[in-house]
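Colleague: Before we discuss the helix packing and the pocket, could you put the model up and take me through the reasoning behind each term?

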Amino acid sequence: MKNKKMKIARIEADLSQERLAEIVGVTRQTINLIESGSYNPSLKLCIEICKALNKTLNDLFWEE
């Protein structure tokens, strides 16, 4: 399932996939795979992404 919430939060934060990847210490491809739903990140990576985007785990990763 695509992670549209993460993509929207990243765009709202005015960050490219590449810049977000640099901030959290992964490759741009990893961010792309997470957003496309092809990769499930570790909890540690989820937390780093949330910090970078100023969101909670529920905001970005909880399914309704």
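**Helix contact and pocket**

Modeller: In this predicted model, Leu20, Ile23 and Val24 of helix 2 meet Leu45, Glu48, Ile49, Ala52 and Leu53 of helix 4.

Colleague: How do the axes of helix 2 and helix 4 cross, and what is the hand of the crossing?

Modeller: The axes of helix 2 (residues 17–24) and helix 4 (residues 43–53) come within 9 Å and cross at roughly 115°, and helix 2 passes helix 4 in a right-handed crossing.

Colleague: Which residues lie nearest the centre of the largest pocket, and which helices supply its lining?

Modeller: Of the 16 lining residues, Met1, Lys2, Asn3, Phe61 and Glu63 lie nearest the centre, while helix 1 (4–12) and helix 5 (57–61) each supply at least two residues of the lining. The space in this pocket is about 290 Å³, and its lining divides into 8 nonpolar, 3 polar and 5 charged residues.

Colleague: Where does UniProt place the feature "domain: HTH cro/C1-type"?

Modeller: The unreviewed UniProt entry places that feature at residues 6–60, a span that is 71% helix and 0% strand, with its end C-alpha atoms 5 Å apart.

How values were computed
Residues numbered from 1 in each chain as written. Predicted model: local features only at pLDDT ≥ 70, side-chain atom pairs only at ≥ 80, totals over all residues. Heavy atoms only, no water. 1 Å grid on protein atoms, 1.4 Å probe; cavity = no way out; pocket = protein on both sides within 12 Å on 5 of 7 lines; lining within 4 Å. Points joined across faces, edges and corners; volume = space filled by probe spheres on them. Helix = DSSP H or I, 4+ residues; strand = E, 2+ residues; numbered from the N terminus. Nonpolar A, V, L, I, M, F, W, Y, C, P; charged D, E, K, R; others polar. Axes fitted to C-alpha atoms, helices over the stretch in contact; angles between N-to-C directions. Left-handed = near helix turned anticlockwise from the far one by under 90°. Contact = heavy atoms within 4.5 Å. UniProt positions renumbered as here; feature names shortened; annotations may be inferred.
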